[in-house]
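Subject: Structure handover

Hello,

Here is the structure you are taking over. Please keep it open while you read the notes below.

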Amino acid sequence: MKISELQNDELTDKLVDTILFEGVEQYKETVDVAIVLGSSKAHLYRLPPVVEAYKNGKVKKIITSGYTRNINGNMINEGEVLKDKAIQMGVNPRDIMVENSASNTYENFSFSRALLIKHDLLKSGKTIGIATTTYHMRRSFCIAEKVFENDKVRLVMFPGDDNSSNRNTWATNDKGRERCYSEAGKILWMVREGMINDWEIETNESRN
C-alpha cells in the first residue's frame with residue numbers, strides 16, 4: 001500500500017508505528033555535515049547522537065538550526081542554544097555553523113542549504129546527516145529529500161529518542177499517542193499535497 005492511499009481515519013497503531021519508525025536507524029559511517037533541528041529540548045534528545053559521533057570522528061561539521069522564540073518567558077534562539085550546548089559537550093566552535101532563522105522543518109533545511117552553499121560545502125557526493133527526534137525523523141528526512149533533491153548529496157539519519165515518543169513507549173502513554181498520530185497525519189497530508197514523495201509500506205507484517 002502507498003502512503004497516498006491512506007486516510008487519517010484509517011490510521012492504526014501498527015500503521016503509525018510503521019510509517020514513523022520502520023527503517024529509522026542511526027548512521028554509523030562518516031558524514032561531512034550534520035544538521036541538528038532546533039526545539040525546546042533539542043539539546044537533550046537531538047544533539048547528543050551527533051556530538052557522540054563527532055567525538056568518534058564520524059561527523060566533520062555541525063549546523064545547529066532554529067529561530068528565536070519565547071520559551072518559559074525567555075526569548076531564546078534555538079540555533080545559538082544548540083551551539084552553546086555542543087561546545088559545552090566538547091565540540092570545537094570552529095566546527096559549528098549556526099542557522100538562526102528557521103521556524104519550521106522546511107526552513108531548517110532550506111536555510112541550512114543556503115549556509116552550506118555560502119561556505120562552499122554543498123558539493124556532489126557529500127554526506128549530510130539529519131538529526132532530530134526519532135518520531136519526527138521520517139517527515140524531516142522526506143522534507144530534506146525534497147530540499148536537496150538536485151544536489152547529488154547523500155542524506156542519512158541521526159535519530160534521538162525522547163522519553164514519551166520513541167518506538168518502545170509512544171503507544172503506552174497519551175502524550176506519545178497524540179504526538180505520533182499527529183505526526184503520521186502530517187505525513188499523509190504532505191504526501192497528498194505533493195510536498196514530500198510517496199512510498200510503499202507493508203501493512204500485513206508484524207514487528208519482530
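**What was found**

Leaving out residues up to four places away in sequence, T18 touches R138, I201 and E202, where contact means heavy atoms within 4.5 Å. T18 sits in helix α1, residues 13–21. Helices (H or I, at least four residues) and strands (E, at least two) are DSSP runs, numbered from the N terminus. T18 counts as buried because its relative accessibility is 10%; buried means under 20% relative accessible area, exposed over 50%, and partly exposed in between (1.4 Å probe, protein chains only).

Two remarks on the source. This is a predicted model, in which local features need pLDDT of at least 70 and side-chain atom pairs count only at pLDDT 80 or more, while totals for chains, interfaces and linings use all residues. Residues are numbered from 1 along each chain as its sequence is written, and side-chain values use heavy atoms, with hydrogens and water left out.

**The whole protein**

The protein has seven helices and seven strands. Their order along the sequence is α-β-α-α-β-β-β-α-β-α-β-α-β-α. The C-alpha atoms fill a box of roughly 50 × 40 × 30 Å along the principal axes. The radius of gyration is 17 Å, which agrees with the value near 17 Å for a compact globule of 208 residues; this radius is taken over C-alpha atoms, and the globule rule is 2.2 Å times the number of residues to the power 0.38. Of the 208 residues, 47% count as buried. Among contacts with a separation of 6 or more, 74% are between residues 24 or more positions apart.

**The nonpolar cores**

A nonpolar core is a set of buried Ala, Val, Leu, Ile, Met, Phe, Trp, Tyr and Cys residues joined through side-chain atoms within 4.5 Å. The largest one here has 41 residues, and I19, F109, I128 and F148 have the most contacts inside it. At least two residues of this core come from each of α1, β1 (31–37), α5 (105–118), β6, α6 (134–147), β7 (154–160) and α7 (174–192). The largest share, seven residues, is supplied by α6. Beyond its neighbours within four places in sequence, F109 is in contact with I35, L37, I130, S140, I143, A144, V147 and F148. Another core, of 19 residues, lies apart from it and includes Y54, L82, A86 and I96. In soluble globular proteins, nonpolar side chains tend to be buried together.

**Helix α3 and what follows**

Which residues of helix α3 (residues 47–55) are buried? They are L47, P49, V50, V51, A53 and Y54. Their cover includes β1, α2 (42–45), β2 (59–65), α4 (78–88), β6 and β7. After α3 comes G57, with a positive phi near 75°.

**Two more residues**

T127 belongs to strand β6, residues 127–133. T127 counts as buried because its relative accessibility is 9%. Not counting residues up to four places away in sequence, T127 touches Y27, T30, V31, D32, V33, R154 and V156.

G90 lies in the loop between α4 and β5 (96–99). Is G90 buried or partly exposed? At 48% relative accessibility, G90 counts as partly exposed. Aside from neighbours within four places in sequence, G90 is in contact with Y54 and K55. G90 and I62 are 28 residues apart in sequence, and their C-alpha atoms are 12 Å apart in space.

Regards
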